[in-house]
Amino acid sequence: MRRAFPTGRPAGGRAPRPRDAQPEQLGFEGMPERLFVCTPSKLGAYADCPRRYRYAYVDRPAPPKGPPWAHNSLGVSVHTALKNWYAMPADRRRPETLPTLLKGTWVREGYRDDEQERDAYRRALGWLEAYVDGLDPADEPVGVERVVAVKTGVLAFNGRADRIDSRAGADGPELAIVDYKTGRATLDTDDARGSQALALYAYAAERVFRRPCRRVELHHLPSGTVAAHEHTVESLNRQVTRAEETARDIMTAERAVADGGDPDAAFPTTPGPRCAWCDYRRTCPAGASVPEKDPWAAVERPSDQS
């Protein structure tokens, strides 16, 4: 929020203002640029496709999105069930509570039919039961769905981490970032090491909680596997620098559009297979040329495919 400069206003009344006075100046020559406010999804949208970023964050009104995706509904349902599991007292965190938790958070959108939805629910419940079987109900995370934020010379970053754990370190307690994954593809160490979102969560959490946070983990519930990476100060800084470079590119493109430039030139497309999964595929000429995916395609079992 911008702080108002002292006005020298006399007590009991508003300071007189000349008729031709200019509105408050928004900046002065030599002042630092305004920080770029961002989340992992905002940075990721531009990295995936600048045109998708434009549709989501620049164009107003934003173009209409396509139909909801079943895999997003499935992921949100599982994430919220785990959040609510941790919200219960430790003595109530038992496997038998999971069906009620999952039913209470279940999102029904995007599925092909009731049969596919029921099958997805059964699979999700199985993942949750197997996952909590490996958890100690008495363990209290430092944060669950916790927002962490940090400022750099370029970014005002904030993001919501699925879970932040406290782990024993060589020199005392350390933090670890845990991110739940429900997609079909299994994950490995390279996925954890290369995740900009996890690195930014770790960078921010270390500063919010004033404890070292270098370990990041991807918990893939369908396979029951964990992909982990131990960052260094240097590797976290490299990820922050990458995010700042992306932010500068975005701000340059936004300024070009604000100055009357061609939005299509400022925010070009990067067409490819992911266009089939884009919310704005029907708006984007490049995306529309890619065969459309059914909203339920990512949760379809191989035996269901013709």
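# A walk through the strands, backbone and salt bridges

Let us start with a pair of neighbours: strand 3 and strand 4 (residues 172–181) run antiparallel and are joined by 7 bridges. Here two strands count as paired if DSSP finds at least two bridges between them. Helices (H or I, at least four residues) and strands (E, at least two) are DSSP runs, numbered from the N terminus. A hairpin of 2 residues links strand 3 to strand 4, and Asp-165 faces Ala-176 in strand 4.

Before going further, a word about what you are looking at. This is a predicted model, in which local features need pLDDT of at least 70 and side-chain atom pairs count only at pLDDT 80 or more, while totals for chains, interfaces and linings use all residues. Residues are numbered from 1 along each chain as its sequence is written, and side-chain values use heavy atoms, with hydrogens and water left out.

Now look at the other partners of strand 3. Strand 2 (residues 143–151) pairs with strand 3 (residues 155–169) in the antiparallel sense, over 8 bridges. The hairpin between strand 2 and strand 3 has 3 residues. You can find Ala-149 bridged to Asn-158 in strand 3, and Val-144 bridged to Arg-163 in strand 3. Strand 1 (residues 36–38) is parallel to strand 3, with 3 bridges between them; there, Phe-36 stands opposite Leu-155.

Next comes the backbone. Most residues other than glycine have a negative phi, and most peptide bonds are trans. Which residues have a positive phi without being glycine? Glu-145 has a phi near 50°, and Arg-210 has one of about 55°. Glu-145 sits in strand 2, whereas Arg-210 sits in the loop between helix 7 (196–209) and strand 5 (213–220). Are they buried or exposed? Buried means under 20% relative accessible area, exposed over 50%, and partly exposed in between (1.4 Å probe, protein chains only). Glu-145 has 18% and is therefore buried, while Arg-210 has 75% and is therefore exposed. There is also a cis peptide bond, between Arg-60 and Pro-61, with omega about 0°. Pro-61 belongs to the loop between helix 2 (50–58) and helix 3 (70–87).

Let us turn to the side chains. How many salt bridges does the structure hold? There are 23, where a salt bridge is a side-chain nitrogen of Lys or Arg within 4 Å of a carboxyl oxygen of Asp or Glu. In one of them, Arg-301 meets Asp-119, with the closest N and O atoms 2.9 Å apart. Arg-301 lies in the segment after helix 10 (285–288) and Asp-119 lies in helix 5 (residues 114–133), so the pair ties together parts that are 182 residues apart in sequence. Asp-119 is buried at 16% relative accessibility, but Arg-301 is partly exposed at 31%.

Asp-165 is buried, with a relative accessible area of 9%, and Arg-167 is partly exposed, with 26%. Through shared partners, salt bridges join Arg-163, Asp-165, Arg-167, Arg-215, Glu-217 and Glu-230 into one network.

Finally, an unreviewed UniProt entry annotates residues 226–253 as "coiled-coil region". UniProt positions are given in the numbering used here, feature names are shortened, and annotations may be inferred rather than shown by experiment. Over residues 226–253 of this model, the chain is 75% helix and 18% strand, and the end C-alpha atoms are 38 Å apart.
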